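Good morning, and thank you for coming. Please look at the sequence and the structure on the screen while I describe them.

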Amino acid sequence: MVNLRIATLSASLCLLAACKPQASDEAKAPPGTKSSEVEMESTSASAKTSNAREVLTSYVSEHEFQKGSSFYNSLRALNIDSSTILKIVDGAKKVFPLQDIGAGTQYSIAWTSEDKTDPVSIELRIAADSSLLIERNNDSDLEWTATKTVLPTTIQRKTFIGVVDTSLWESADLVGMDPSLITNLTEVFAWQVDFSRQVRRGDRWRLTVEQKIVNDKVIGWGNILAAEYENGAQIFTGVRYPQIGPNASYYAANGNSLKQLFIKSPLKFGRVTSGFSKGRFHPILKIMRPHNGVDYGAPVGTPIMTIGHGTVVEIGPHGGSGNLIKIQHNGTYSTAYLHMKGFAAGLHKGSVVEQGQVIGYVGATGLATGPHLHFAFYENGVYVDPLGRKFPSADPVPANELSKFQKEVGTVLRTLPDWNVAQHVEASSTRNN
Ligand SMILES: [Zn+2]
């Protein structure tokens, strides 16, 4: 019994997991790049192999969950009795809730014998890169336990290059690139280029991205490792550093962060109705006094975002300022948002907020002629005019890592395809027209 169990498990593992050696074909190296520079990485976890597997394949059956059918119904249809199914579900519960199984999920069942009445294990492909094995315990036929296995994923690098003719999307489509990668590209350069308005004909882009492979099949994309975007006369370069890990960010080749300390506006939509000035006639107080901020006209309820990461240092009603939030961004900068209708739920003094987080809504509380956001910006506690000002970027690559960063930048930038390739694509598409 025990030997049979191990052997059938190996057989089922082999049906779904990687029993073949790892793929060794490399990403297509761009011109001028040595193929040795295109590295292959592989995660751990390897499947077991067994000499007995050929013999026992007849004890394994393969299935797929159908649309609208539950795990329970699917197994009942295979004449597995209710109490066994419930034990299987119970055994898997802690590792993976079987009610989340979607239509199309493949699974295999290993049986004790050819008549396929008595299951010993079930293996489900719960994700592109992971499988769930639920097996009956050795010592007792009553208990089932589950183990999740992450299949070995191979990462290879893939490169794309494009030229904008009508739109960014079309330029990706033309070179057969997954449109989701264009979204990722625009996220890399979100602080440099306003992709909703500034993309123009002739703009060029190129990128190197990780491609995930499981069992010789492409299962999806990893991170963009390096990219360039040529917008008119300007070329922006972004390099991911460190390549792996939660602290990765995109930097220019010199190590400066691509991320700016502040986003351009606290409102997604809304226009400046009154700028910062040293003296203006106050519409309600009817006196001349400085306007220490920028007014944005927007309908009541429009979400207001904090322009940068920081800590809420003041929140609540504040006389003529109405409902106000003040955020300290760092030792130098703070911002205030006035006349708000209300605050985002859960915010309080001391809350930490992230850049772009909604902190409240446009209103007309306090001394206000109509709904608007009065936005005040302080540098070292003094009001300054934020419009048209250049603010510092987020932290650059730390000085003690700069030489390591520069080495990596050199290597990864050489993986980008040559710009001439893009010109070729452009030229050939013109010929086809
Ligand atoms: Zn104002």
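Among contacts in the chain between residues at least 6 apart in sequence, 63% join residues at least 24 apart; contact here means heavy atoms within 4.5 Å. The model is a predicted one, in which local features need pLDDT of at least 70 and side-chain atom pairs count only at pLDDT 80 or more, while totals for chains, interfaces and linings use all residues. Residues are numbered from 1 along each chain as its sequence is written, and side-chain values use heavy atoms, with hydrogens and water left out.

The chain has 433 residues, of which 43% count as buried. Buried means under 20% relative accessible area, exposed means over 50%, and partly exposed lies in between, with a 1.4 Å probe and protein chains only. The secondary structure comes to eight helices and 23 strands. These are DSSP runs numbered from the N terminus: helices are H or I with at least four residues, and strands are E with at least two.

Let me turn to an open sheet. Five strands form it in the order β2-β3-β4-β5-β6, with antiparallel pairing; two strands pair if DSSP finds at least two bridges between them. Its edge strands are β2 (60–64) and β6 (144–150), each of which pairs on one side only. From one strand to the next, the twist averages 20°. Helix α4 (residues 82–92) packs on this sheet and touches β4, β5 and β6, and its direction makes about 50° with that of β6. For such angles, axes are lines fitted to C-alpha atoms, for helices over the stretch in contact, and angles run from 0 to 180 degrees between N-to-C directions. Within the sheet, β4 (residues 119–127) and β5 (residues 130–136) pair over five bridges, and E123 stands opposite L133 in β5.

Next comes strand β10 (residues 234–241). How many of its eight residues are buried? Six of them are, so the strand is mostly covered. Strand β9 (residues 217–231) runs antiparallel to β10 and is joined to it by six bridges, with E228 partnered by T237. The hairpin of β9 and β10 has two residues between the strands, and there G232 takes a positive phi near 60°. Three bridges join β10 to β11 (residues 249–251), again antiparallel, and V239 has Y251 as its bridge partner. In the loop between β10 and β11 lies P242, which a cis peptide bond joins to Y241, with omega about -15°.

Helix α6 (residues 179–188) has L181, I182, L185, T186 and V188 buried. Seen down the axis of α6, the buried residues fall within an arc of 150°, so they line one face of the helix; the arc is that of the directions from the helix axis to the C-beta atoms. Those buried residues pack against β7 (154–163), α5 (168–174), β8 (204–214), β9, β10 and β11.

Finally, which residues coordinate the zinc ion? The donors are H291 (NE2), D295 (OD) and H374 (ND1), at 1.9 to 2.3 Å. Donors are N, O and S atoms within 2.8 Å of the metal (3.2 Å for Na, K and Ca), and water is not among the atoms, so sites may look incomplete. In sequence, the donor residues are spaced H-x3-D-x78-H. H291 is buried, with a relative accessible area of 3%, and D295 also counts as buried, at 6%.
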